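Have the structure open and follow along.

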Amino acid sequence: MKVSVVVPSFNYAQYIDACLQSIQSQTHSDFEVLIADGGSTDGCLEIIEKYCQTDARFRLVSHEDLGQPDAVNKALKLAHGEIQCFLNADDVYLSKEVFANIVKAFMAYSNVSIISSSGYYIDADGKYIKPVRLRYHPFDSIGWMKYRVACLQPATFWKKHVFESISFKTDFHFSFDSVFFYEAYMRYSWLEIGDVTAGYRLHGSNKSMSVKSVRINELASFERIKFGGGTWRATYLLGIAGIVRMLESCGTVGKFFSKALYVLVNGLAYLTCYRLPSI
């Protein structure tokens with residue numbers, strides 16, 4: 001089974017060599033790497049070209065896009081693999097057996113369309129920080145996906161027909177992957193396995209972990225997709241976004257209270273088993 005890996009890239013020269021090397025070193029050699037670069041100016045393209053010139057499995061398929069979801073969509077439309085995934089240019093695979101193990105799992109569970117695994121948070125230098133714990137609530141399970149989409153994006157793989165029916169929404173910029181995985185979960189069979197697969201790099205500018213009003217507004221839009229246009233969950237998040245928007249103009253003090261609000265909101269979400277949404 002061929003694996004198609006999309007790498008969306010933009011000015012991550014510091015990390016992309018480690019990303020591409022972790023793909024190239026896979027023992028399962030039947031893969032293709034489709035790199036979509038949004039116009040990097042930091043030397044990233046030179047690193048990408050090196051891989052494309054020396055390994056025919058690597059291709060630079062796009063030089064401009066309208067953002068990360070558009071980049072991933074463009075690349076996946078050119079993919080030939082039966083199994084698909086995307087690995088951000090700042091992330092890595094932590095084992096040479098990732099593709100081999102995923103292919104083995106899809107072959108063992110032929111009725112499954114999505115498989116997700118686990119990983120570690122790593123720092124800017126690639127050092128392990130701690131395991132990614134998505135199911136830290138004692139009652140949490142994949143059955144809670146409607147209330148909390150909990151999967152590690154670089155450690156999640158799907159069959160080609162999933163993307164053919166569900167593309168990444170380009171009007172979402174912070175949570176486009178969560179929207180995609182939620183819609184996939186609602187339509188197809190999903191399997192969680194315990195393999196440690198990916199390194200999710202923390203370097204201070206991760207979009208998915210930022211406390212910004214625009215991101216929280218987007219999460220409110222996601223709640224409308226899940227629960228309908230009139231859901232109180234969206235109204236609740238819009239109220240929180242409004243508070244964060246006011247704090248954004250208050251400098252250092254605002255940042256402090258935004259972080260405190262983040263802890264409070266997510267603590268309430270945890271205590272209510274995510275019936276109150278988290279941010």
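Rings of Phe, Tyr and Trp (its six-membered ring) pair if their centres lie within 6.5 Å; planes under 30 degrees apart count as stacked, over 60 as edge-to-face and the rest as tilted. One aromatic cluster is made up of F86, W158, F163, F168, F176, F180, F181, Y185 and W190.

Before going further, a word on the source: this is a predicted model, where local features need pLDDT of at least 70 and side-chain atom pairs count only at pLDDT 80 or more, while totals for chains, interfaces and linings use all residues. Numbering starts from 1 along each chain as its sequence is written, and side-chain values use heavy atoms, with hydrogens and water left out.

**Rings**

There are 24 aromatic pairs in the structure. Take F31 and F99: they sit edge-to-face, 5.6 Å centre to centre, with 70° between the planes. This pair links distant parts of the chain, with F31 in strand β2 (residues 31-37) and F99 in helix α4 (residues 98-108), 68 residues apart. (Helices, H or I with at least four residues, and strands, E with at least two, are DSSP runs numbered from the N terminus.) F31 is buried at 2% relative accessibility, and F99 is buried at 0%. Buried here means under 20% relative accessible area, exposed means over 50%, and partly exposed is in between (1.4 Å probe, protein chains only).

Y185 and W190 also pair edge-to-face, at 6.3 Å centre to centre and 70° between the planes. Y185 is partly exposed at 22%, whereas W190 is buried at 12%.

**Charges**

The structure has 11 salt bridges, each being a side-chain nitrogen of Lys or Arg within 4 Å of a carboxyl oxygen of Asp or Glu. Here are three of them:

| Pair | Closest N and O atoms |
|---|---|
| E32 and R59 | 3.5 Å |
| D70 and K74 | 3.8 Å |
| R148 and D140 | 2.6 Å |

E32 lies in strand β2 and R59 in strand β3 (residues 58-62), so their bridge ties together parts 27 residues apart in sequence. E32 is buried at 7%, but R59 is partly exposed at 32%.

What separates D70 and K74 in helix α3? About one helical turn, because they are 4 residues apart in that helix (residues 68-76). D70 is buried at 12%, while K74 is partly exposed at 34%.

As for R148 and D140, R148 is buried at 10% relative accessibility, and D140 is buried at 10%. R148 and D140 also belong to a salt-bridge network with R135 and E192.
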